[in-house]
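This report sets out selected structural features of the protein shown below. Please keep the sequence and the model at hand while reading.

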Amino acid sequence: MSKIIIAGIGPGSREDITPAVVEAVREADAVVGYQYYFQFVKPYLKPDCECIDTGMKKERERAEQAFQLAEEGKTVVVISSGDAGIYGMAPLVCEMKEERKSSIQIEVLPGISAFQKAAALLGAPIGHDMCIISLSDLMTPWEVIERRIRAAAAGDFVTAIYNPKSHGRYWQLYRFIELFLRLRSKDTPVGYVRQAGREEQSVNITTLGAFDPEDVDMFTVIIIGNSQSYITDGKIITPRGYYSVDRGDSQQLKPGQQIMMESFRTIEKELGTHAKRHPMTEMDRGWFWALLHAIHTTADFEMERILYTDEEAVETLYNKVEEGSLKTIVTDVTMVVSGIRKGALQRLGIEAKCYLSDPRVAEMASTLGITRTQAGIRLAVEEHPDALFAFGNAPTALMELCDLIRKGKAKPVGIIAAPVGFVHVRESKHMVKTFRDIPKIIVEGRKGGSNLAATLCNAILTFDDAAQLKPGRDL
């Protein structure tokens, strides 16, 4: 019985052609394919097999010839490199059968795809959810391709790139990298393999930030890892989840951290299309990291509108933690201290304290006729004038700090201004904005709270987890 067999012959070596495909080629009366691919199947052809080979961009002609030969009663094998169903001949032949209303039997034999071969050479980069994107816009509008690129980046998919570059198509890969860097860390592993499985094969591993599009051509397959992928011993590994390991400190992920990571991804997805600053550019990463913490704590997406940070405030304060100049966090109320992660404080050697319970506070407040929180800030400034000050309740305490700064008695390393309420709240936040040389994070308007002040402290202490979007290390 005449039929057409659409066969994937693998990426380019005899070892990667499946036995089923070899058998089909041996039995074929005719083989149709791109001329370059015949070198891989010639050893299996019977002497009287008819070979129809054509050049590039002749896919429709090849499919039509296959039908013509099959209609003459012949068994025809149409060959594609890799897997015939992945950017190969299988869809075209199946569509043409419908167009011709043909009764010819169609059979598809799978093959090892180029991305699978490349992945094997790179280690284990496709161990979790993944997608494949072709950058060829010959038949797909670039607007559609770009939409898919954005979705892949936002969805944290391991992503394989086909048709990355040609003589006439040189800028698309640059745009792809630009889009991915908005949502992925520059340290994300990238592997690229040229001529996978063939004599000219070359295998390279780098990172998204260091990747140079000029190093690839049309014979290259690129694989970009997800947020969990890492490089070890010259290989890329994307964990499946059997070992829930945080590579930063080699401790198992706790259930609370797993939940928080999933929450952050959900928030990121819902924010994705309307954030006032694009989330993962280098300049705004600190703001976005603080924003994720604020929304996670409050479930209030208005935070996107009212959370203010000085440029690179989070980054600057984290750097001060690393260099050891930020050693103390002073809060207006004890609830803020309670919400700052003890594990992070211990890990970084930082003390968080509130003076409200200090016996001197009540006496000072009574004697001077000020609030207890004001008195607490006065005592704190005497002992820790260069602390990070975090306010989540009392606008009078924030106003007290502003007054002490103006008098030269306090030189805070930074200020988190998130008092909440209706009296003097807005005014206190306007006051603190005048200190341009002090890094500030402010929840504008009436909103705020101890929980917000604490989570913004946590955002600073864990900023080194921002690039990988892995919150909750110290839970």
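## Basis of the model

The model is predicted; local features require pLDDT of at least 70 and side-chain atom pairs count only at pLDDT 80 or more, whereas totals for chains, interfaces and linings use all residues. Residues are numbered from 1 along each chain as its sequence is written, and side-chain values use heavy atoms, with hydrogens and water left out.

Helices (H or I, at least four residues) and strands (E, at least two) are DSSP runs numbered from the N terminus. Two strands are taken to pair if DSSP finds at least two bridges between them.

An open sheet with mixed pairing is formed by six strands in the order 16-21-20-19-17-18. Its edges are strand 16 (307-309) and strand 18 (351-354), each of which pairs on one side only. On average, neighbouring strands of this sheet are turned by 15 degrees against each other, direction ignored; the axes are lines fitted to C-alpha atoms, for helices over the stretch in contact, and angles run from 0 to 180 degrees between N-to-C directions.

Within this sheet, strand 20 (residues 414-417) and strand 21 (residues 440-443) run parallel and are joined by three bridges. Ile 415 stands opposite Lys 440 in strand 21.

## Helix 17 and its packing

Helix 17 (residues 425-432) has Val 425, Ser 428, Lys 429 and Val 432 buried, where buried means under 20% relative accessible area, exposed over 50% and partly exposed in between (1.4 Å probe, protein chains only). Seen down the axis of helix 17, these buried residues fall within an arc of 95 degrees, so they line one face of the helix. The arc is that of the directions from the helix axis to the C-beta atoms.

The buried residues of helix 17 pack against helix 16 (395-406), strand 20 and strand 21, with contact meaning heavy atoms within 4.5 Å.

Three strands in the order 6-13-12 make an open sheet with mixed pairing. Strand 6 (123-124) and strand 12 (230-232) are the edge strands, each pairing on one side only. Strand 12 runs antiparallel to strand 13 (residues 235-237), and three bridges join the two. Tyr 230 has Ile 237 in strand 13 as its bridge partner.

## Selected residues

Most residues other than glycine have a negative phi. Gln 195, although not a glycine, has a positive phi of about 50 degrees. Gln 195 lies in the loop between strand 9 (189-194) and strand 10 (202-207), and is buried, with a relative accessible area of 5%.

Leu 348 is found in helix 13 (residues 342-348) and counts as partly exposed at 21% relative accessibility. Neighbours within four places in sequence aside, Leu 348 is in contact with Val 321 and Leu 461. The C-alpha atoms of Leu 348 and Thr 462 are separated by 9.9 Å, although these residues are 114 apart along the chain.

## The largest pocket

The largest pocket holds about 1700 Å³ of space. On a 1 Å grid over the protein atoms alone, a pocket is an open set of points where a 1.4 Å probe fits, with protein on both sides within 12 Å along at least five of seven lines; lining residues have an atom within 4 Å of a point. Grid points are joined across faces, edges and corners, and the volume is the space filled by probe spheres set on the points.

Of the 43 lining residues, Met 56, Glu 59, Tyr 87, Asn 163 and Met 218 are the closest to the centre of the pocket. Asn 163 lies in the loop between strand 8 (158-162) and helix 7 (172-181), and has a positive phi of about 50 degrees although it is not a glycine. Elements that each supply at least two lining residues include helix 3 (59-71), strand 4 (75-80) and helix 4 (90-100).
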